[in-house]
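Hi there,

Here is the structure I promised to pass on to you. My notes on it follow just below.

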Amino acid sequence: VVYKVQFKCSNGHYFYRNNSIEMLDVGEFVKVEADRGEDLGVITGACHMQDFVVEKCNRKIDIKVDLPRFGNIVRVATESERAQLP
């Protein structure tokens, strides 16, 4: 499954995958791999990888060039981590 994640100070969305069996819900706060450790974001969308690729193909996007590099969701955020967000 591919998850669309938004961060506190960003208008954009970034794509992450969850390597565990656990399914995550839209609106759930998660910790994701970042350049310098981990970052906290909220899931704003989800789809299966096959559907994601088909959508990109239908838009005539060069998959080898334009598909994002997927980061990993590390875990669901704790209550104290979520409390840090405004």
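Glu81 sits in helix H3, residues 79-82 (helices are DSSP runs of H or I with at least four residues, strands are runs of E with at least two, both numbered from the N terminus). Before going on: this is a predicted model, where local features need pLDDT of at least 70 and side-chain atom pairs count only at pLDDT 80 or more, while totals for chains, interfaces and linings use all residues. Residues are numbered from 1 along each chain as its sequence is written, and side-chain values use heavy atoms, with hydrogens and water left out.

Is Glu81 buried or exposed? Glu81 is buried, because its relative accessible area is 13% and buried means under 20% (exposed is over 50%, partly exposed in between; 1.4 Å probe, protein chains only). Its side chain comes to 2.8 Å from the backbone nitrogen of Thr78. Leaving aside residues up to four places away in sequence, Glu81 touches Lys31, Leu40 and Arg75 (contact means heavy atoms within 4.5 Å).

Now the wider chain. The protein chain has three helices and five strands, in the order β-β-β-β-α-α-β-α. Of its 86 residues, 28% are buried.

Strand S1 (residues 2-7) runs antiparallel to strand S2 (residues 13-17), joined by five bridges; pairing requires at least two bridges found by DSSP. Here Gln6 has His13 in S2 as its bridge partner. S1 also pairs with strand S4 (residues 37-47), again antiparallel, over six bridges, and Lys4 is partnered with Gly45 in S4.

Enjoy exploring!

Definitions and conventions: A polar contact is a pair of N or O atoms within 3.5 Å; within protein, one must be able to donate a hydrogen and the other to accept it, and residues adjacent in sequence count only if both atoms are side-chain atoms.
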